[in-house]
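Trainee: I should like to learn how to read a protein model, one feature at a time. May we begin with a single residue and then widen the view?

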Amino acid sequence: MAARYSIVSLARNAFSHHEGWPRAWRSPDPKERYEVVIVGGGGHGLATAYYLAREHGITDIAVVEKGWLGGGNTGRNTTIIRSNYLWDESAGIYEKALQLYEGLSRDLNFNIMLSQRGVLNLAHNLHDLREISRRVNAIRLNGIDSEILSPEEIKAIAPILDTSPDARYPVLGGSLQRRGGVARHDAVAWGLARAADARGVDIIQNCEVTGILREGGRVTGVETTRGTMMADKVGIAVAGHSSVLAAMAGFRMPVESHPLQALVSEPIKPILDTVVMSGTVHVYVSQSDRGELVMGAGIDGYNGYTQRGSLPVIEHMVAAAMELFPIFSRLRMMRQWGGIVDVCPDASPIVGKTPVDNLFINCGWGTGGFKATPGSGWVFAHTIARGEPHPLNAPFSLDRFVAGKLIDEHGAAGVAH
Ligand SMILES: Cc1cc2nc3c(=O)[nH]c(=O)nc-3n(C[C@H](O)[C@H](O)[C@H](O)COP(=O)(O)OP(=O)(O)OC[C@H]3O[C@@H](n4cnc5c(N)ncnc54)[C@H](O)[C@@H]3O)c2cc1C
């Protein structure tokens, strides 16, 4: 009977445009005062609110989003998750994120469609091979899974890859993180939003922060397009707009904003059940659950805030994909889009305090912050609640650019940026 009821209700809702379905989160009017205001309703802002409520008991929170939830980079990325970074500091924070991802569907009671199908990085020359071996050793010393594969092992995992010795970029070997993979990006945002809302967090969409209020060197609230919100503490998590928000608070950030593009093909039958990356040939590919091949490019070289990119980058990416997978030659590309990523000079994030008391910032994740979403929110929540960074994000402070303690992770990106 229960099964019949659910089929009937499913059919009714299919024809009624979901009118009878409860909202996954409320849409409250903003209050005049909050304990914490988080600027930015992407994955990082929502995860911060969720962990503030869950881990620190702070629920008087507003997440203020100028557009719609996850409409920024969270809903535009190629969904790749991994923790195979070179330096100890990065290993700590990205591995924390991966471990949180591994339990996130259960935690949120929301299927984020995590698929740990492995992430394969290819080597095409002697330099690549040496680099991969250095990396795998460093990663394993941090207790994170990573292994070196022979061309034969790679062929077994991705048979459609051109591994012939006369390929223009022969595959000489590679590394694999088996726990890496993909997750559904919208589901991550929606699951976090629903769980934060259930704990009392106000999620306020279509509300742009236009000013940061300060008094005596301390933050006191934000100006928004829906009025003033006073706050004891403010956390900024706006990715490509970090410098804009910092300027509102009167300081500068060592961050550049660039367009980053991706595209998907028409859907086809399953042909690739791992993620393949080549930094040398300059493309990475995975196949989505709908059958589309999802491909990522490098950043456009110029700075900008329009969420689109240029054709030459796409042409380069498609040419690179053809070098590795000649079988794609008759595939039609269906959709292309861009996001604005916030890139630090050392390709590592900034998560911590700012020159303004009680104003905190989380940014600089650049081309690779989706994989960090829960870990980033977890450490940022700790930093906001305690007023001091957690040991995992202490190395990622803004003042590392003054102290010269950079964490160079340029080589960790899927393609060179
Ligand atoms: C094409 C592409 C592919 C990518 N692929 C991957 C990948 O495979 N793996 C990976 O790990 N990472 C990837 N990334 C990077 C990843 O998407 C980002 O690092 C991550 O999603 C950043 O999350 P966020 O929550 O900080 O930012 P966002 O999701 O961009 O959220 C920030 C929010 O702030 C809002 N905002 C901005 N200004 C204001 C304001 N004044 N007031 C209120 N709200 C404001 C924006 O509207 C936005 O919704 C990719 C990015 C792109 C663009």
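Predicted model: local features only at pLDDT ≥ 70, side-chain atom pairs only at ≥ 80, totals over all residues.

Trainee: In which strand is Glu223 placed, and with which residues is Glu223 in contact, leaving aside its neighbours within four places in sequence?

Mentor: Glu223 belongs to strand E10, residues 218-224. Leaving aside neighbours within four places in sequence, Glu223 is in contact with Thr210, Gly211, Leu213 and Thr228.

Trainee: How should I read a helix?

Mentor: An α-helix has 3.6 residues a turn, so residues three or four places apart point the same way. A helix may also be checked by its length. Helix H2 covers residues 43-56. At 1.5 Å a residue, its 14 residues should span 20 Å, and the end C-alpha atoms of H2 are 19 Å apart, which agrees.

Trainee: How many of the 14 residues of H2 are buried?

Mentor: H2 is mostly covered, with 11 of its 14 residues buried. Among them are Leu46, Ala49, Tyr50 and Ala53. The buried residues of H2 pack against strands E1, E2, E11 and E18 and against helices H6 and H9. After H2 comes Gly57, whose phi is positive, near 65 degrees.

Trainee: What does the reading of H9 give for length and burial?

Mentor: H9 has 14 residues and reaches 20 Å from its first C-alpha to its last, close to the 20 Å expected at 1.5 Å a residue. Because 12 of the 14 residues of H9 are buried, H9 is largely enclosed by the rest of the structure. The buried residues of H9 include Trp378, Val379 and Phe380. H9 is followed by Gly387, with a positive phi near 80 degrees.

Trainee: Which residues have the most contacts inside the largest nonpolar core?

Mentor: They are Val37, Val39 and Ile61, in a core of 115 residues. This core draws at least three residues from each of domain 1 and domain 2. Not counting residues up to four places away in sequence, Ile61 touches several residues, including Tyr34, Val36, Leu52 and Val201.

Trainee: How far apart do the C-alpha centres of the two domains lie, and how many residues does each give to the contact?

Mentor: The C-alpha centres of domain 1 and domain 2 lie 28 Å apart. The contact takes 25 residues from domain 1 and 24 residues from domain 2. On the side of domain 1 that touches domain 2, helices H3 and H7 each supply at least two residues. The largest share of that side, four residues, comes from H3. By class, that side of domain 1 divides into nine nonpolar, 12 polar and four charged residues.

Trainee: Finally, which residues come nearest to the ligand?

Mentor: Of the 38 residues around the ligand, Gly40, Gly42, Gly72, Gly339 and Gly369 come nearest. H2, strand E12 and strand E16 each supply at least two residues of this shell. The shell has 12 nonpolar, 21 polar and five charged residues, and draws at least three residues from each of domain 1 and domain 2.

How values were computed
Residues numbered from 1 in each chain as written. Near = placed C-beta within 6 Å. Nonpolar A, V, L, I, M, F, W, Y, C, P; charged D, E, K, R; others polar. Domains from an automatic or database assignment. Contact = placed C-beta atoms within 7 Å. Core = buried A, V, L, I, M, F, W, Y, C linked by C-beta atoms within 7 Å. Buried ≥ 20, exposed ≤ 12 C-beta atoms within 10 Å, placed from the backbone. Expected span 1.5 Å × (residues − 1).
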